[in-house]
Amino acid sequence: METTKLPPTSPSSPTTGFSVPSAEKVDGFPRRSMRRARQRRSHSSSQFRYQSSQVELTPLPLLKDAPVAELHNLFCKKLQQCCVLFDFLDCVADLKGKEIKRAALNELVESVATSRGVLIEPLYPETIKMISVNIFRTLPPSENPEFDPEEDEPTLEASWPHLQLVYEFFLRFLESPDFQPSMAKRYVDQKFVLQLLELFDSEDPREREYLKTILHRVYGKLLGLRAYIRKQINNIFLRFIYETEHFNGVAELLEILGSIINGFALPLKSEHKQFLVRVLIPLHTAKSLSIFHAQLAYCVVQFMEKDATVTEYIIRGLLKYWPKTCTQKEVMFLGEIEEILDVIEPSQFIRVQEPLFKQIAACISSPHFQVAERALYFWNNEYILSLIEENSQVILPLVFTTLYRVSKEHWNQTIVSLIYNVLKTFMEMNSKLFDDLTASYKVDKQKELKRERERAELWRGLEEQQERRLQTLGETSRNQKNLQERGEPPQPSSPQTALPKQPDLKSSGPYSTT
Amino acid sequence: MAGADGDDSLYPIAVLIDELRNEDVQLRLNSIKKLSTIALALGVERTRTELLPFLTDTIYDEDEVLLALAEQLGNFTMLVGGPEYVHCLLPPLESLATVEETVVRDKAVESLRKISQEHSPVDLEVHFEPLVKRLASGDWFTSRTSACGLFSVCYPRVSSTVKAEIRQHFRTLCSDDTPMVRRAAASKLGEFAKVLELDYVKSDIISLFTALASDEQDSVRLLAVEACVSIATLLPQEDLETLVMPTLRQAAEDKSWRVRYMVADKFSELQKAVGPEITKNDLVPAFQNLLKDCEAEVRSAAAKKVKEFCENLPEDSRETIIMTHILPCVKELVSDTSQHVKSALASVIMGLSTILGKDNTVEHLLPLFLAQLKDECPEVRLNIISNLDCVNEVIGIRQLSQSLLPAIVELAEDAKWRVRLAIIEYMPLLAGQLGVEFFDEKLNTLCMAWLIDHVYAIREAATCNLMKLVEKFGAEWAQNTIVPKVLGMANDPNYLHRMTTLFCINALSEACGQDITTKHMLPVVLKMSNDQVANVRFNVAKSLQKIGPVLDSNALQTEVKPVLEKLATDTDMDVKYFAQEAIRVLALA
C-alpha cells in the first residue's frame with residue numbers, strides 16, 4: 001500500500017487564515033494573489049439562498065462550564081446551532097445571530113483542539129452535517145467573467161468570518177487524536193469528497209488553502225477514499241484541459257498530488273503512469289500554466305525520481321506540447337526541462353537527446369532573447385554539461401548549424417556572446433568533430449537549398465497533375481450521372497452521395513490552390 | 001483513366017510519404033493540407049491500399065497535423081473510389097476519434113458524420129456501426145465521448161436489431177462513470193431523440209433525460225436543459241405534463257445557478273416547445289423567479305428574454321400576464337444592482353411597447369425608459385437609444401426627446417472612446433427620427449465636435465456620420481450647415497484637423513454632387529497641396545483621386561492635373577507615389 005507524507009505545516013491559529021504557507025515550502029514561490037487578497041473587501045457569496053426561513057439564535061451555556069455528563073449533549077446543540085446560515089452580503093443583518101454562531105464555532109474549534117474524549121460516535125454525523133451545510137454550496141459566478149488569476153484581484157467569499165471557523169473546526173476534527181477513521185468513513189463518503197473537490201474552484205485563495213490541507217488529511221486518514229479522490233481529481237483536470245480551461249484550484253490539487261506521488265509504491269501501477277501521461281503532461285497545454293507550473297513541474301520530477309523509466313514519456317510529451325507562440329511559456333518549459341535534466345539518468349538521457357536537442361536548438365534561434373538565453377544557460381549547468389560532453393558526438397551535429405548561424409545573426413549581444421562561449425566549450429570538448437562540422441557547414445547549406453528546390457518542383461508537378469485528374473474525374477462523374485438519369489439501377493448508396501459532391505470537391509480548399 | 005494512370009510512375013509513393021513525414025512540422029502540415037493532391041496523384045486504388053494504411057499507422061503527430069488530417073478525410077470519398085469504398089476511410093478516422101485533443105476529436109467525428117451519409121445501408125451495418133460500438137466501449141473516455149456524436153447518424157438507416165443495440169449503447173454512455181462522457185451524451189440526447197421512434201422516445205429517452213437532469217454534476221444537468229427543448233417538441237401535448245414538466249420545473253429551481261442560467265437562456269425555445277397552456281400555468285411563474293434570481297448572471301439571461309417571452313405569450317391573455325406578472329419584475333430590474341442585468345434589459349425593453357400599445361407604453365413603460373436613459377452605466381443608455389425605433393413606431397419620439405438630449409450629450413462626451421463611437425453610429429438613425437430642425441438646433445454642434453476628437457477612430461466615424469446625414473437631409477442642407485464648417489478646418493493650425501477636412505471631402509463629395517464639389521470643395525483641396533506637412537500633401541493627392549470622378553473633365557484637366565503633376569515631383573516619396581497613382585487612376589497622364 002502506498003503511503004503519503006503529510007505536509008509539515010497546518011493552519012496554526014484560528015484567526016489567521018493566511019498563515020498556511022505550505023505552498024511556499026514546496027515551491028518557494030509565494031503566490032501573489034494571496035498577498036494581495038489581504039487588503040480586499042469581501043463581496044460574494046451564494047451561500048445564503050438555500051435557507052428558507054431565519055431562525056432566531058439564543059446563546060447556549062459555554063462548553064467549558066458544562067458538567068461532563070452534559071458536555072456531549074451541549075456540543076451537539078452547538079453543532080446544530082451552527083447549521084444556521086447568515087446573509088453576509090447585508091453586513092448589518094442579524095448581527096446578534098452572527099455573533100452567537102461565531103462564538104459557538106470558536107468554542108467548537110477550541111474544544112476539539114484541546115480537550116480529549118469529546119469526539120464520540122454520535123457526534124460524527126452531526127459534525128459532518130454541520131460542515132456540509134456550511135461549506136457545500138454552488139460557487140457564485142465570478143464577478144469578472146474574464147478573471148485572470150495572474151492579473152486580477154480574486155473575489156473573496158463574503159461569509160468567510162463563519163466559513164473560516166467551520167474549516168478550522170473541520171481541520172481540528174480530522175487532526176484530533178480522538179479522530180476515528182473507521183467511524184468517519186460512514187459520513188465522509190464519496191459524495192462528500194466530490195463536493196469538497198468542487199469547492200477547489202473557489203476564487204478565494206484562503207478557502208483553497210484550507211481545502212488543500214483538509215483534503216490532504218482526508219487522503220491520509222481515510223484509505224478507502226484514496227483511489228476515488230485520485231480519479232475525481234483526474235476528472236477535474238481533464239475537464240480543465242479539454243473542456244473549460246477554467247478551474248481555480250489546479251495549483252492546490254497539484255500540490256497535494258505532489259506528496260501523493262511521493263508515496264506511490266514501486267513498481268508504478270499503470271493507473272499512475274496513465275495519470276502522468278494523459279493528465280499531467282497535457283496540463284502543460286493550459287493557457288494559465290504560469291499559475292500552477294511550479295507545482296506541476298514538482299509532480300513531474302517526483303515521478304521521474306520514483307521511476308526513471310517514465311523519463312522518455314515525459315520528455316517526448318513536453319516536446320509534443322512545446323509552446324509555439326507563447327514565449328513566456330517557452331521559458332517555463334525550458335525551466336522544467338532543466339529541472340528534469342538535473343535528475344535524469346544518463347541511460348535515459350541517451351534515449352531522448354536527439355529530439356530534445358533539436359528543440360533546444362530551435363529555442364536558441366528564437367528571436368526572443370529570453371528564450372534563447374534560457375536555453376543557452378543549460379551550458380552553465382555542470383551536470384547537463386557533463387551529459388553533453390559524454391554525448392557530444394550526437395549532440396554537436398544537432399546544434400552546430402543553429403549555433404553557427406545564430407552567432408552571426410542574433411540581434412542581442414548577450415546571446416551572441418553566450419553562443420561564443422558554447423561554441424568554445426564544444427571546440428574544447430571535441431575539436432575534431434567541431435572542425436569537420438565547420439568545414440561542411442557551407443556544403444550542408446547548399447544541400448538544404450537543393451532539397452528545398454526539389455520539394456517545390458515535386459509539388460508543382462503534383463498540382464499540375466491534379467488539374468488533369470480533376471478534369472477526368474469530372475467527366476467520369478458526368479458520365480455516371482448520365483447513366484443514372486437514363487434509369488440505370490442506382491449505386492448501392494443513398495441518393496445524396498457522391499455525385500452532387502462533385503462541385504464540393506472543386507470548391508474545397510486544397511483544390512483551389514493552383 | 002488510362003492516361004492518368006500513366007502518370008503514377010512519376011511519383012513513387014515513397015516520395016509522397018516522405019513529404020508527409022518531413023521533420024519540420026510546418027512542412028508536414030502543408031503536405032497534409034494537400035493530402036487530396038497526393039491521393040489524386042496516387043489514384044484511387046493506391047490511395048486505398050497504400051496511403052490510407054500509412055495514415056492509419058502513423059497517427060502520432062502534432063495535434064495541428066491531426067486536425068488537418070481529420071478534416072481532409074471527410075472530403076475523401078471520391079478520392080478512394082466513391083461511395084462503395086468510403087468505408088476505407090473509417091480506420092484512420094476511428095483512431096483520430098480517440099485522441100486526447102478535443103478539437104481533433106470533434107473534427108474526426110464531424111468527418112465521420114459526413115461520410116456516414118455516403119455509406120450504403122449495408123456498409124453502414126457492416127463497417128460503420130461496428131466502429132461506433134468499438135468507440136462506445138473504448139477504455140479511455142475520449143473514444144466514448146466521440147461515440148456519442150455518431151449514434152444519431154447511423155440509427156435511422158439500420159435494421160431494428162442493430163437499432164436496439166445502438167439504443168443500449170447510448171443508455172450505457174448516459175450513465176458512464178466519467179462526467180466527460182455523460183456530458184457528451186447529454187449534449188447529444190436531443191439530437192438522438194429526434195431520430196428515435198416515438199415509443200422509444202417515451203420509454204428510453206425520458207428516463208435518460210430524467211437521470212441526466214438530476215446528475216450529481218451541474219455541468220451535466222445543464223446540458224439536459226438543452227435536450228429538454230428537442231424532447232418536448234417531439235412529444236404530444238398530453239404527455240408533456242407527466243414526462244417533461246417535473247424535470248423542467250426542477251431545473252428552473254436547481255441549486256446551481258449554471259442550470260438556472262441555462263433555463264433562462266433557453267426560455268424562448270422552451271416556451272415554444274411546451275405550448276401556450278403550460279406556458280401560462282408553469283412558465284410564467286418560473287420566468288418571474290428567474291427575473292428575481294439571486295445571481296445576476298441568471299437575471300441577465302432572463303432579462304434578455306423578456307421581449308421574446310412576452311411576444312410569444314398566447315394572444316388572449318398576453319396583456320394581462322404582462323401587466324400583472326411580468327411588468328412588476330421588469331420594474332425592479334430597472335434599478336438592479338448589476339449593470340449587466342440593466343443593460344440586458346435595456347436592449348429589449350423598448351420592444352415591449354409594440355406589444356403593449358400606445359396607452360400602456362405611455363403610462364407604464366415610458367417612466368422605465370426615462371429611468372434607464374439616466375442610468376449611471378453608459379451601456380444601458382446606449383442600449384435604450386439604439387432601440388428608439390420601436391418606440392418611435394408606437395408613441396413617436398417626441399415624448400422622449402426632452403430626456404433624450406441630455407443622455408445623448410452625455411454619451412457624446414463620455415470619457416471612453418468606445419462609448420462615443422457607439423453613439424455616433426446611432427446619429428443618422430436619431431436624426432431621421434427627430435427631424436432636421438431638432439437636429440440642427442441640438443445635435444449639429446456635437447457632430448462637428450467629433451471631427452476634432454483626439455481619437456482617430458472617432459474622427460473617422462464622425463466623417464462617415466456626416467456622409468449619412470447628407471444622404472438623409474440632402475445636398476442643400478449640407479451646403480448650408482456642414483460644408484462651411486468642414487472647409488473652415490482647412491486653415492486649422494493642427495495638421496490632423498486639416499487632414500480631417502480632406503477625409504470629410506472624400507466622404508461628402510459624392511453625396512453633395514458635382515456643383516458643390518467643384519465650386520466649394522475643390523479650391524480648398526487644391527490650395528492644401530502647398531501644405532508644409534507631407535501627410536497633408538499626399539492626402540491631397542488621395543482626395544483628388546477620390547473626388548475626380550465627381551468632377552467634369554474641364555476641371556480635371558485645367559485644375560486637378562497641374563496640381564497633381566506638381567505633387568508628382570514633390571521631395572517626399574510618399575507624396576510622389578500617391579500623386580502618380582492619382583494621375584494613373586484618373587487617366588490624366
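**Figure 1. Ala587(B), an exposed residue after helix H34 of chain B.** In this predicted model, Ala587(B) is exposed, with a relative accessible area of 60%; exposed means over 50%, buried under 20% and partly exposed in between (1.4 Å probe, protein chains only). It sits in the segment after helix H34 (573-585) of chain B; helices (H or I, at least four residues) and strands (E, at least two) are DSSP runs, numbered from the N terminus. Phi of Ala587(B) is near 55 degrees, a positive value in a residue other than glycine. Residues are numbered from 1 along each chain as its sequence is written, and chains are lettered from A and ligands numbered from 1 in the order in which they are written. For this predicted model, local features need pLDDT of at least 70, side-chain atom pairs count only at pLDDT 80 or more, and totals for chains, interfaces and linings use all residues, while side-chain values use heavy atoms, with hydrogens and water left out.

**Figure 2. Two loops of chain A.** Here's Glu245(A), in the loop between helix H10 (226-244) and H11 of chain A. Not a glycine, Glu245(A) still has a positive phi of about 55 degrees, and at 42% relative accessibility it counts as partly exposed. Pro267(A) turns up in the loop between helix H11 (250-262) and helix H12 (270-280) of chain A. A cis peptide bond links Leu266(A) to Pro267(A), with omega about -5 degrees.

**Figure 3. Asp218(B) and Ala224(B) in helix H14 of chain B.** Helix H14 spans residues 218-234, and Asp218(B) lies in it. Asp218(B) is buried, at 14% relative accessible area. Its side chain makes a polar contact with that of Arg258(B) at 2.9 Å; such a contact is a pair of N or O atoms within 3.5 Å, where within protein one must be able to donate a hydrogen and the other to accept it, and residues adjacent in sequence count only if both atoms are side-chain atoms. Leaving out residues up to four places away in sequence, Asp218(B) touches Thr138(A), Ser256(B), Arg258(B) and Val259(B) (contact means heavy atoms within 4.5 Å). Ala224(B) is buried too, with a relative accessible area of 2%. Beyond neighbours within four places in sequence, Ala224(B) is in contact with Phe209(B), Leu212(B) and Ala213(B).

**Figure 4. The largest nonpolar core, with 363 residues.** A nonpolar core is a set of buried Ala, Val, Leu, Ile, Met, Phe, Trp, Tyr and Cys residues joined through side-chain atoms within 4.5 Å. Phe237(A), Phe426(A) and Leu564(B) have the most contacts inside the largest one. Helix H31 (residues 495-528) of chain B brings the largest share of this core, 13 residues. Not counting residues up to four places away in sequence, the partners of Leu564(B) include Ala541(B), Leu544(B) and Ile583(B).

**Figure 5. Confidence along chain A.** Chain A has a mean pLDDT of 81, and 81% of its residues reach 70 or more; pLDDT is the predictor's confidence in each residue, from 0 to 100.
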